[in-house]
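Work through the exercises below with the sequence and the structure open. Each task is followed by a solution in steps.

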Amino acid sequence: MISKQNTLPFIHDNFLLETKEAQQLYHNFAAPLPIIDYHNHLPPKAIAENKIFSNITELWLSGDHYKWRALRTLGVEEKYITGTATDKEKFIVFSESVPYMIRNPLYHWTHLELSRYFGIEELLSRKNAIHIYEKSTAMIKTGEFSTQSLLQKMKVEVLCTTEDPTDNLENHKTLNQSDFNTKVSTAFRPDKSLFINREDYNSYIEKLSLAANIKIDNYTDLCDAMQNRIDYFHRNGCRLADHGLEYMPFQQTTNREIKRIFEKKRKGAQLSKIETERFQTELLLFLGKAYHKLGWIQQFHLGAMRNNNTRMFNKLGSDSGWDSIGSYSIAYGLSRYLDTLDTEDQLTKTILYNLNPADNEIMATMIGNFNDGSTKGKIQWGSGWWFLDQLDGMKDQINILSNMGLISCFIGMLTDSRSFLSFPRHEYFRRLVCNLFGNDIKKGILPQDMKLIGGIIQDICYNNAKCYFNY
């Protein structure tokens, strides 16, 4: 193990646990639980192949746009982020930068991950960068740091990746036939079929046509192709869909008009905003009904303003750190969408996520409109997402849900990550939850009943998700 000079005074057994009550809740009830990570962007190919990474930079820094944004803010050249510098050089520059990330969640995550995976109890800096690079890389090259071993190390019981409808799911098939103990499932992500206003839409429809083996000439063909892929995903164990939208559109119209809009786009014409929203509304309703029929769960991630920096997007592509919180009106469209499906008794279990904290109370109260008693927590407000999965963002979500809904029904945390080292975020979340409840017990706001409160903590951290997703 790496030497413990400069040992971490804050990443200790009672990190974030301010009271004895919080410490009891965490250590006795939350810490021992396995992890259900029901939404992430891990590459299933790497899991299926049980990949062993070449060094800590490839494993830890590659693809992590949280870290990339911080480095750019500090004035680091792109060469040392996504560019031509060696992996060792990139790690050294990152290490030099970490002390200046203090009070950003990256500072906590960085040291939690070094501690939990590598046993490294040092504050990362320029002084120890080469030493830690060499030691951690030597560890990474062993079988104990393969992708499957990393998941097992964190007691990941279930994880759910995210795939486009055109994906053949070959890696999931391989995993389902293997003896790997972690259940690896997929979520159906049909965003590209919805974004009819994009320039590359027609080329995507051709790709979808090949995947479904259905010639897509009109809107009916599109629905047939989407149903074909939903059925294919279902046969391969998928029970979850996900959608990343700026806001929930809602502009109902006629079948004739939807067919005209789709045919207009297929001929290469530009669509107006209202035409785009009419198309998206109808296709989302079609998808929602298809999910309900198969007993799937649908997720909606709302409020991201993506690819703001055109110059850098053209250079590096999407998911490279140029996204931010958007300001969109979400209440009306979301209400009408859910109500339309509910009126026809075709509203399936639904999880809603907002990126703009101004929408917190909207989400907390929206879910109560459609929790109809048919199942516990049928409509969920998901955990703090993306820019909100830090201490304040998660605390606000928990407190508002407690005040306007029932925190006891909450299905808890997810990583939403592309990194195999991100799973200590579940620990981060669990410590925060236990601290909130523990502080309330100490203040006399909650009863001194550790069995009752501990059981609710276990529900939030694990049991509710296990039941909700029927794992």
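Buried means under 20% relative accessible area, exposed means over 50%, and partly exposed lies in between, with a 1.4 Å probe and protein chains only. The model is predicted: local features need pLDDT of at least 70, side-chain atom pairs count only at pLDDT 80 or more, and totals for chains, interfaces and linings use all residues. Residues are numbered from 1 along each chain as its sequence is written, and side-chain values use heavy atoms, with hydrogens and water left out.

**Exercise 1. Classify Ile52 by accessibility and list its contacts outside its sequence neighbourhood.**

Step 1. Locate the residue. Ile52 sits in the loop between helix 2 (44-48) and helix 3 (56-61). Helices (H or I, at least four residues) and strands (E, at least two) are DSSP runs, numbered from the N terminus.

Step 2. Apply the cut-offs. Ile52 has 42% relative accessibility, so Ile52 counts as partly exposed.

Step 3. Look for contacts, meaning heavy atoms within 4.5 Å. With neighbours within four places in sequence left aside, Ile52 touches Ile140, Lys141, Thr142, Gly143 and Ser146.

Step 4. Check one pair by distance. Ile52 and Lys141 are 89 residues apart in sequence, and their C-alpha atoms are 6.3 Å apart in space.

**Exercise 2. Two residues other than glycine, Arg103 and Leu169, have a positive phi. Is Arg103 buried or exposed, and is Leu169 buried or exposed?**

Step 1. Recall the background. Most residues other than glycine have a negative phi.

Step 2. Take Arg103. Its phi is about 75°, and Arg103 belongs to the loop between helix 5 (87-97) and helix 6 (105-118). Its relative accessibility is 84%, so Arg103 is exposed.

Step 3. Take Leu169. Its phi is about 60°, and Leu169 is found in the loop between strand 2 (156-163) and helix 9 (170-176). Its relative accessibility is 0%, so Leu169 is buried.

**Exercise 3. Which residues have the most contacts inside the largest nonpolar core? Then describe the surroundings of Met226.**

Step 1. A nonpolar core is a set of buried Ala, Val, Leu, Ile, Met, Phe, Trp, Tyr and Cys residues joined through side-chain atoms within 4.5 Å.

Step 2. Read off the core. The largest one has 147 residues, and Phe118, Phe188 and Leu222 have the most contacts inside it.

Step 3. Follow Phe118. Beyond four places in sequence, Phe118 contacts Ile56, Leu59, Glu113, Ser136, Met139, Ile140, Phe145 and Leu421.

Step 4. Turn to Met226 in helix 12 (residues 219-235). Met226 counts as buried because its relative accessibility is 0%. Its contacts beyond four places in sequence are Pro165, Phe188, Pro190, Ser193, Leu208, Phe286 and Leu287. Met226 and Gly288, 62 residues apart in sequence, are 12 Å apart from C-alpha to C-alpha.

**Exercise 4. What angle do helix 17 and helix 18 make, and what angle do helix 18 and helix 19 make?**

Step 1. Take the first pair. Helix 17 (residues 360-370) and helix 18 (residues 391-404) have axes that come within 9 Å and cross at roughly 40°. Helix 17 is therefore oblique to helix 18. Asn360, Glu361, Ala364, Thr365 and Ile367 of helix 17 contact Asp396, Ile400, Leu401 and Met404 of helix 18.

Step 2. Take the second pair. Helix 18 and helix 19 (residues 424-443) pack at about 50°, with axes 11 Å apart. These two helices are therefore oblique to each other. Leu391, Met394, Lys395, Ile398 and Asn399 of helix 18 contact Tyr428, Phe429, Leu432, Val433 and Leu436 of helix 19.

Key. Axes fitted to C-alpha atoms, helices over the stretch in contact; angles between N-to-C directions. Parallel < 35°, antiparallel > 145°, perpendicular 65-115°, else oblique.
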